[in-house]
Amino acid sequence: MVESSDLMIEANGLSKYYGPFIATEDVTFSVPKGEIAAFLGPNGAGKSTTMKLLTGFLTPSAGEARIGGFNMAEDRIKASEFIGYLPENGPLYNETTPEGLLKYIGQARGLAKSKLKERLEYVVKKCSLEDVWGKQIGKLSRGYRQRVGMAHALLHDPQVLILDEPTSGLDPNQTYQVRELIRELGKTKTILLSTHILSEVEAVCDRIILINRGRVVLDGTVEDMHEVSGNMEESFRQLTASGS
Ligand code: ADP
């Protein structure tokens, strides 16, 4: 049985309204320590909004987000220490280099000099940034920008990773690399990742949370998803058919 103290990511009734428009409504799920959960749904379903609510980048209209047991609204600094977040469009710091950005972030997070050196070496290697270390981020390909974002998320060695489409824009080799990295990170960390690639889900995830029109429509295992309609694609289509 999962103890509540083992829950690293908790969405409790998270709702976000933009005027009369409902982006998410009563989104409730939790991810226990050590699990890799896929967050699926069609475009516009509310995945990025939920991830922004979980990471404190958006304030919910109702409900609460807890990370590592800390309420994001009340204990934001403590909750944030647990999180590495890859936003949907990667890093927005176009003028600087990966080296400049990651050193700055490490210092801002208060990493000691020796720890920062060690973590920089780790992320450069794991995210294959050697060739672009001194190049301007704004001039990098989408795949490299995505990997700079991944390095940003991993730099402080967080226990929880919230990754918004980590393989979007990557070629098959880069996708494979990032997928293997996620699999490796999943041995020690708790991960929530959104993706459109269903084969990726089967390859790396223990669990699926499927959202449609701002509401959770399935929370279960890969097998649970299969059982809805025999295969992943058909189950996805059935569960996210308009009006469901
Ligand atoms: P997903 O990540 O699943 O593609 P999003 O969370 O980005 O979906 O968006 C959910 C819905 O909320 C979409 O219909 C989107 O257009 C809407 N939305 C997102 N941000 C805003 C905003 N700032 N103002 C109004 N509507 C928004």
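A cavity is a set of grid points where a 1.4 Å probe fits but cannot get out. The model examined here is predicted.

**Exercise 1. The cavity**

Find how many cavities of 30 Å³ or more the whole structure holds. Then state how much space lies in the largest cavity, and which residues line it.

*Solution*

Step 1. Search the whole structure. The search returns 1 cavity of 30 Å³ or more.

Step 2. Take the volume. The largest cavity holds about 40 Å³ of space.

Step 3. List the lining. It is made of K126, C127, R147, Q177, V178 and L181.

Step 4. Sort the lining by class. There are 3 nonpolar, 1 polar and 2 charged residues.

Step 5. Assign the lining to elements. Helix α6 (residues 172-185) gives the largest share, 3 residues.

**Exercise 2. The largest nonpolar core**

Identify which members of the largest nonpolar core touch the most other members.

*Solution*

Step 1. The core has 44 residues, and L40, M150, I208 and M225 touch the most other members.

Step 2. Find the main contributor. Helix α5 (residues 142-154) supplies the largest share of this core, 6 residues.

**Exercise 3. Contacts of L40**

List what L40 touches, leaving out residues up to four places away in sequence.

*Solution*

Step 1. L40 then touches K47, T195, L198, V201, I208, I209, L210, I211, M225 and F236.

Step 2. Look beyond the largest core. Another core of 25 residues lies apart from it, including I9, V31, F82 and I209.

How values were computed:
Residues numbered from 1 in each chain as written. Predicted model: local features only at pLDDT ≥ 70, side-chain atom pairs only at ≥ 80, totals over all residues. Heavy atoms only, no water. 1 Å grid on protein atoms, 1.4 Å probe; cavity = no way out; pocket = protein on both sides within 12 Å on 5 of 7 lines; lining within 4 Å. Points joined across faces, edges and corners; volume = space filled by probe spheres on them. Helix = DSSP H or I, 4+ residues; strand = E, 2+ residues; numbered from the N terminus. Nonpolar A, V, L, I, M, F, W, Y, C, P; charged D, E, K, R; others polar. Core = buried A, V, L, I, M, F, W, Y, C linked by side-chain atoms within 4.5 Å. Buried < 20%, exposed > 50% of the residue type's maximum accessible area, 1.4 Å probe, protein only. Contact = heavy atoms within 4.5 Å.
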